[in-house]
Amino acid sequence: QLTGSIPLEIGNLTNLTHLLLYDNELTGEIPSEIGNLTNLTRLYLSLNELTGSIPPEIGNLTNLITLNLCFNQITGSIPLEIGNLTNLTHLLLYDNELTGSIPSEIGNLANLTELHLHSNELTGLIPPEIGNLTNLTDLYLYTNQLTGLIPPEIGNLTNLIDLSLHSNELTGLIPSDIGELTNLERLFLYTNQLTGSIPLEIGNLTNLTHLLLYDNELTGEIPS
(Lines give C-alpha, C1' and ligand atoms only; values in the text may rest on other atoms or scores of the structure.)
Protein backbone atom coordinates (compact mmCIF):
# COMPACT_ATOMS: atom_id res chain seq x y z
CA GLN A 1 0.00 0.00 0.00
CA LEU A 2 2.84 2.35 -0.87
CA THR A 3 1.81 5.97 -1.44
CA GLY A 4 3.52 9.14 -2.57
CA SER A 5 5.64 9.58 -5.66
CA ILE A 6 8.58 7.61 -7.01
CA PRO A 7 11.65 9.47 -5.66
CA LEU A 8 13.99 11.07 -8.16
CA GLU A 9 16.88 9.35 -6.38
CA ILE A 10 15.74 6.05 -7.87
CA GLY A 11 17.93 7.09 -10.78
CA ASN A 12 21.00 6.41 -8.61
CA LEU A 13 20.34 2.63 -8.56
CA THR A 14 22.18 2.04 -11.79
CA ASN A 15 22.86 -1.66 -11.10
CA LEU A 16 19.15 -2.55 -10.96
CA THR A 17 17.96 -5.17 -13.41
CA HIS A 18 14.41 -5.50 -12.03
CA LEU A 19 12.21 -2.65 -10.73
CA LEU A 20 8.80 -3.93 -9.60
CA LEU A 21 6.58 -1.36 -7.88
CA TYR A 22 3.24 -2.56 -9.21
CA ASP A 23 -0.06 -2.84 -7.31
CA ASN A 24 0.37 0.05 -4.91
CA GLU A 25 -1.11 3.53 -4.57
CA LEU A 26 1.78 5.50 -6.01
CA THR A 27 0.96 8.93 -7.42
CA GLY A 28 2.76 11.63 -9.37
CA GLU A 29 4.79 11.31 -12.53
CA ILE A 30 7.33 8.73 -13.63
CA PRO A 31 10.62 10.57 -12.97
CA SER A 32 12.85 11.13 -15.98
CA GLU A 33 15.73 9.88 -13.81
CA ILE A 34 14.42 6.36 -14.40
CA GLY A 35 16.25 6.65 -17.72
CA ASN A 36 19.55 6.24 -15.82
CA LEU A 37 18.74 2.59 -15.03
CA THR A 38 20.22 1.25 -18.22
CA ASN A 39 20.66 -2.28 -16.84
CA LEU A 40 16.93 -2.77 -16.29
CA THR A 41 15.38 -5.77 -18.01
CA ARG A 42 11.96 -5.57 -16.30
CA LEU A 43 10.06 -2.44 -15.30
CA TYR A 44 6.63 -2.91 -13.71
CA LEU A 45 4.80 0.23 -12.53
CA SER A 46 1.30 -1.05 -13.26
CA LEU A 47 -1.74 -0.84 -10.98
CA ASN A 48 -0.93 2.48 -9.37
CA GLU A 49 -2.28 6.02 -9.77
CA LEU A 50 0.59 7.48 -11.76
CA THR A 51 -0.10 10.57 -13.85
CA GLY A 52 1.78 12.72 -16.33
CA SER A 53 3.42 11.49 -19.49
CA ILE A 54 5.86 8.68 -20.21
CA PRO A 55 9.28 10.37 -20.05
CA PRO A 56 11.25 10.18 -23.32
CA GLU A 57 14.23 9.03 -21.24
CA ILE A 58 12.52 5.63 -21.12
CA GLY A 59 14.20 5.14 -24.49
CA ASN A 60 17.56 4.83 -22.70
CA LEU A 61 16.52 1.47 -21.22
CA THR A 62 17.66 -0.55 -24.19
CA ASN A 63 18.01 -3.78 -22.18
CA LEU A 64 14.32 -3.85 -21.23
CA ILE A 65 12.47 -7.05 -22.02
CA THR A 66 9.18 -6.12 -20.32
CA LEU A 67 7.70 -2.64 -19.86
CA ASN A 68 4.42 -2.68 -17.95
CA LEU A 69 2.75 0.66 -17.17
CA CYS A 70 -0.88 -0.48 -17.41
CA PHE A 71 -3.72 0.53 -15.09
CA ASN A 72 -2.57 4.04 -14.27
CA GLN A 73 -3.70 7.52 -15.33
CA ILE A 74 -0.78 8.27 -17.64
CA THR A 75 -1.46 10.94 -20.24
CA GLY A 76 0.27 12.40 -23.27
CA SER A 77 1.56 10.58 -26.30
CA ILE A 78 3.66 7.45 -26.61
CA PRO A 79 7.21 8.83 -26.92
CA LEU A 80 9.03 8.20 -30.19
CA GLU A 81 11.97 6.97 -28.11
CA ILE A 82 10.00 3.79 -27.38
CA GLY A 83 11.43 2.61 -30.69
CA ASN A 84 14.88 2.33 -29.06
CA LEU A 85 13.76 -0.60 -26.91
CA THR A 86 14.56 -3.25 -29.47
CA ASN A 87 14.91 -6.06 -26.89
CA LEU A 88 11.31 -5.70 -25.68
CA THR A 89 9.14 -8.77 -25.87
CA HIS A 90 6.18 -7.36 -23.87
CA LEU A 91 4.91 -3.77 -24.10
CA LEU A 92 1.88 -3.13 -21.89
CA LEU A 93 0.54 0.44 -21.80
CA TYR A 94 -3.18 -0.33 -21.62
CA ASP A 95 -5.81 1.22 -19.37
CA ASN A 96 -4.32 4.67 -19.25
CA GLU A 97 -5.28 8.00 -20.83
CA LEU A 98 -2.69 8.07 -23.61
CA THR A 99 -3.45 10.33 -26.58
CA GLY A 100 -1.94 11.01 -29.98
CA SER A 101 -1.06 8.49 -32.63
CA ILE A 102 0.80 5.19 -32.44
CA PRO A 103 4.36 6.17 -33.44
CA SER A 104 5.77 4.48 -36.52
CA GLU A 105 8.91 3.81 -34.45
CA ILE A 106 7.00 1.00 -32.76
CA GLY A 107 7.87 -0.97 -35.88
CA ASN A 108 11.49 -1.15 -34.62
CA LEU A 109 10.47 -3.53 -31.83
CA ALA A 110 10.95 -6.68 -33.86
CA ASN A 111 11.21 -8.94 -30.79
CA LEU A 112 7.76 -8.06 -29.43
CA THR A 113 5.44 -10.97 -28.80
CA GLU A 114 2.72 -8.95 -27.02
CA LEU A 115 1.63 -5.36 -27.77
CA HIS A 116 -1.14 -4.03 -25.54
CA LEU A 117 -2.17 -0.43 -26.23
CA HIS A 118 -5.89 -0.89 -25.66
CA SER A 119 -8.22 1.20 -23.50
CA ASN A 120 -6.59 4.54 -24.10
CA GLU A 121 -7.54 7.57 -26.21
CA LEU A 122 -5.17 6.97 -29.13
CA THR A 123 -6.08 8.54 -32.47
CA GLY A 124 -4.86 8.47 -36.05
CA LEU A 125 -3.96 5.55 -38.25
CA ILE A 126 -2.58 2.14 -37.40
CA PRO A 127 0.96 2.60 -38.76
CA PRO A 128 1.91 0.18 -41.55
CA GLU A 129 5.22 -0.36 -39.72
CA ILE A 130 3.27 -2.56 -37.32
CA GLY A 131 3.70 -5.21 -40.01
CA ASN A 132 7.39 -5.44 -39.01
CA LEU A 133 6.46 -7.09 -35.71
CA THR A 134 6.42 -10.59 -37.09
CA ASN A 135 6.92 -12.27 -33.70
CA LEU A 136 3.65 -10.90 -32.29
CA THR A 137 1.18 -13.40 -30.91
CA ASP A 138 -1.15 -10.81 -29.31
CA LEU A 139 -2.03 -7.40 -30.79
CA TYR A 140 -4.54 -5.42 -28.72
CA LEU A 141 -5.44 -1.95 -30.01
CA TYR A 142 -9.10 -1.97 -29.03
CA THR A 143 -11.11 0.77 -27.28
CA ASN A 144 -9.27 3.74 -28.69
CA GLN A 145 -10.24 6.29 -31.36
CA LEU A 146 -8.16 4.90 -34.21
CA THR A 147 -9.27 5.84 -37.72
CA GLY A 148 -8.51 4.96 -41.31
CA LEU A 149 -7.89 1.61 -42.91
CA ILE A 150 -6.61 -1.61 -41.39
CA PRO A 151 -3.19 -1.67 -43.09
CA PRO A 152 -2.62 -4.64 -45.42
CA GLU A 153 0.76 -5.12 -43.69
CA ILE A 154 -1.21 -6.75 -40.88
CA GLY A 155 -0.99 -9.86 -43.05
CA ASN A 156 2.74 -10.12 -42.21
CA LEU A 157 1.94 -11.03 -38.61
CA THR A 158 1.59 -14.74 -39.26
CA ASN A 159 2.26 -15.72 -35.63
CA LEU A 160 -0.77 -13.81 -34.33
CA ILE A 161 -3.18 -15.76 -32.16
CA ASP A 162 -5.27 -12.79 -30.99
CA LEU A 163 -6.04 -9.70 -33.08
CA SER A 164 -8.32 -7.22 -31.31
CA LEU A 165 -9.04 -3.95 -33.15
CA HIS A 166 -12.61 -3.51 -31.99
CA SER A 167 -14.24 -0.37 -30.56
CA ASN A 168 -12.42 2.14 -32.74
CA GLU A 169 -13.42 4.21 -35.77
CA LEU A 170 -11.72 2.13 -38.46
CA THR A 171 -13.09 2.46 -41.98
CA GLY A 172 -12.75 0.83 -45.38
CA LEU A 173 -12.50 -2.81 -46.30
CA ILE A 174 -11.28 -5.71 -44.22
CA PRO A 175 -8.02 -6.38 -46.09
CA SER A 176 -7.82 -9.72 -47.86
CA ASP A 177 -4.31 -10.02 -46.35
CA ILE A 178 -6.00 -11.01 -43.09
CA GLY A 179 -6.30 -14.45 -44.65
CA GLU A 180 -2.54 -14.90 -44.13
CA LEU A 181 -3.04 -15.09 -40.35
CA THR A 182 -3.67 -18.81 -40.26
CA ASN A 183 -2.72 -19.15 -36.57
CA LEU A 184 -5.45 -16.73 -35.46
CA GLU A 185 -7.85 -18.02 -32.83
CA ARG A 186 -9.59 -14.72 -32.04
CA LEU A 187 -10.42 -11.96 -34.52
CA PHE A 188 -12.31 -9.02 -33.01
CA LEU A 189 -13.20 -6.24 -35.48
CA TYR A 190 -16.61 -5.27 -34.10
CA THR A 191 -17.84 -1.73 -33.40
CA ASN A 192 -15.99 0.11 -36.14
CA GLN A 193 -17.11 1.64 -39.44
CA LEU A 194 -15.82 -1.07 -41.77
CA THR A 195 -17.49 -1.30 -45.17
CA GLY A 196 -17.59 -3.60 -48.18
CA SER A 197 -17.87 -7.36 -48.12
CA ILE A 198 -16.21 -9.95 -45.92
CA PRO A 199 -13.16 -11.14 -47.87
CA LEU A 200 -13.22 -14.71 -49.16
CA GLU A 201 -9.78 -15.21 -47.59
CA ILE A 202 -11.36 -15.24 -44.14
CA GLY A 203 -11.98 -18.91 -44.89
CA ASN A 204 -8.24 -19.57 -44.49
CA LEU A 205 -8.51 -18.93 -40.75
CA THR A 206 -9.31 -22.48 -39.79
CA ASN A 207 -8.08 -22.13 -36.20
CA LEU A 208 -10.61 -19.41 -35.29
CA THR A 209 -12.70 -19.89 -32.17
CA HIS A 210 -14.04 -16.29 -32.10
CA LEU A 211 -14.98 -14.18 -35.15
CA LEU A 212 -16.71 -10.94 -34.16
CA LEU A 213 -17.58 -8.56 -36.99
CA TYR A 214 -20.83 -7.04 -35.75
CA ASP A 215 -21.66 -3.32 -35.45
CA ASN A 216 -19.99 -2.27 -38.71
CA GLU A 217 -21.36 -1.29 -42.13
CA LEU A 218 -20.42 -4.49 -43.94
CA THR A 219 -22.42 -5.39 -47.04
CA GLY A 220 -22.74 -8.29 -49.42
CA GLU A 221 -23.13 -11.96 -48.65
CA ILE A 222 -21.43 -14.06 -46.03
CA PRO A 223 -18.82 -15.92 -48.12
CA SER A 224 -19.31 -19.67 -48.21
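**Rings, salt bridges and a sheet**

Trainee: Does Tyr-214 count as buried or partly exposed?
Mentor: Its relative accessible area is 48%. Buried means under 20%, exposed means over 50%, and partly exposed lies in between (1.4 Å probe, protein chains only). At 48%, Tyr-214 therefore counts as partly exposed.

Trainee: What is left out of the side-chain values?
Mentor: This is a predicted model: local features need pLDDT of at least 70, side-chain atom pairs count only at pLDDT 80 or more, and totals for chains, interfaces and linings use all residues. Residues are numbered from 1 along each chain as its sequence is written, and side-chain values use heavy atoms, leaving out hydrogens and water.

Trainee: How many aromatic pairs does a search of the whole structure find?
Mentor: Rings of Phe, Tyr and Trp (its six-membered ring) pair if their centres lie within 6.5 Å. Planes under 30 degrees apart count as stacked, over 60 as edge-to-face and the rest as tilted. Searching the whole structure gives five.

Trainee: Are the rings of Tyr-22 and Tyr-44 stacked or tilted?
Mentor: Their centres are 5.8 Å apart. Their planes stand at 50 degrees, so the pair is tilted.

Trainee: How many residues apart in sequence are the parts that Tyr-22 and Tyr-44 tie together?
Mentor: Strands are DSSP runs (E, at least two residues), numbered from the N terminus. Tyr-22 lies in the loop between S1 and strand S2 (42–44), while Tyr-44 is in S2 itself. The pair therefore ties together parts whose separation in sequence is 22 residues.

Trainee: What is the relative accessibility of Tyr-22 and of Tyr-44?
Mentor: Both residues count as partly exposed. Tyr-22 has 42%, and Tyr-44 has 22%.

Trainee: Are the rings of Tyr-190 and Tyr-214 stacked or tilted?
Mentor: The ring centres are 4.6 Å apart. The planes stand at 15 degrees, so the pair is stacked.

Trainee: Where do Tyr-190 and Tyr-214 lie?
Mentor: They are 24 residues apart, and the pair links distant parts of the chain. Tyr-190 is in the loop between S11 and strand S12 (193–196). Tyr-214 is in the loop between strand S13 (210–212) and strand S14 (217–218).

Trainee: Which residue joins Tyr-190 and Tyr-214 in a cluster of ring pairs?
Mentor: Tyr-190 is buried, at 16% relative accessibility. Ring pairs link Tyr-190 and Tyr-214 into a cluster with Phe-188.

Trainee: How many salt bridges does the whole structure have?
Mentor: A salt bridge is a side-chain nitrogen of Lys or Arg within 4 Å of a carboxyl oxygen of Asp or Glu. In one, the closest N and O atoms of Asp-162 and Arg-186 are 2.8 Å apart. Glu-185 also forms one with Arg-186, at 3.6 Å. The search of the whole structure finds two.

Trainee: Which residues are linked in the network of salt bridges?
Mentor: Asp-162 is buried at 4% relative accessibility. Arg-186 is partly exposed at 23%, and Glu-185 is partly exposed at 31%. The network links Asp-162, Glu-185 and Arg-186.

Trainee: Which residues does Ser-119 touch?
Mentor: Ser-119 sits in the loop between strand S5 (114–116) and strand S6 (123–124). At 19% relative accessibility, it counts as buried. Contact means heavy atoms within 4.5 Å. Not counting residues up to four places away in sequence, Ser-119 touches Tyr-94, Asp-95, Asn-96, Tyr-142, Thr-143 and Asn-144.

Trainee: In what sense do strands S8 and S10 pair?
Mentor: Two strands pair if DSSP finds at least two bridges between them. Thr-147 has Glu-169 in S10 as its bridge partner. Strand S8 (residues 145–148) and strand S10 (residues 169–172) have two bridges, and their sense is parallel.

Trainee: Which residue in S12 stands opposite Gly-172?
Mentor: S10 and S12 also pair in the parallel sense, over two bridges. Opposite Gly-172 stands Leu-194.

Trainee: Which strands stand at the edges of the sheet?
Mentor: Five strands form an open sheet in the order S6-S8-S10-S12-S14, with parallel pairing. Each edge strand has a single partner, so one side of each is left without a neighbour in the sheet. The edges are S6 and S14.

How values were computed:
Helix = DSSP H or I, 4+ residues; strand = E, 2+ residues; numbered from the N terminus.
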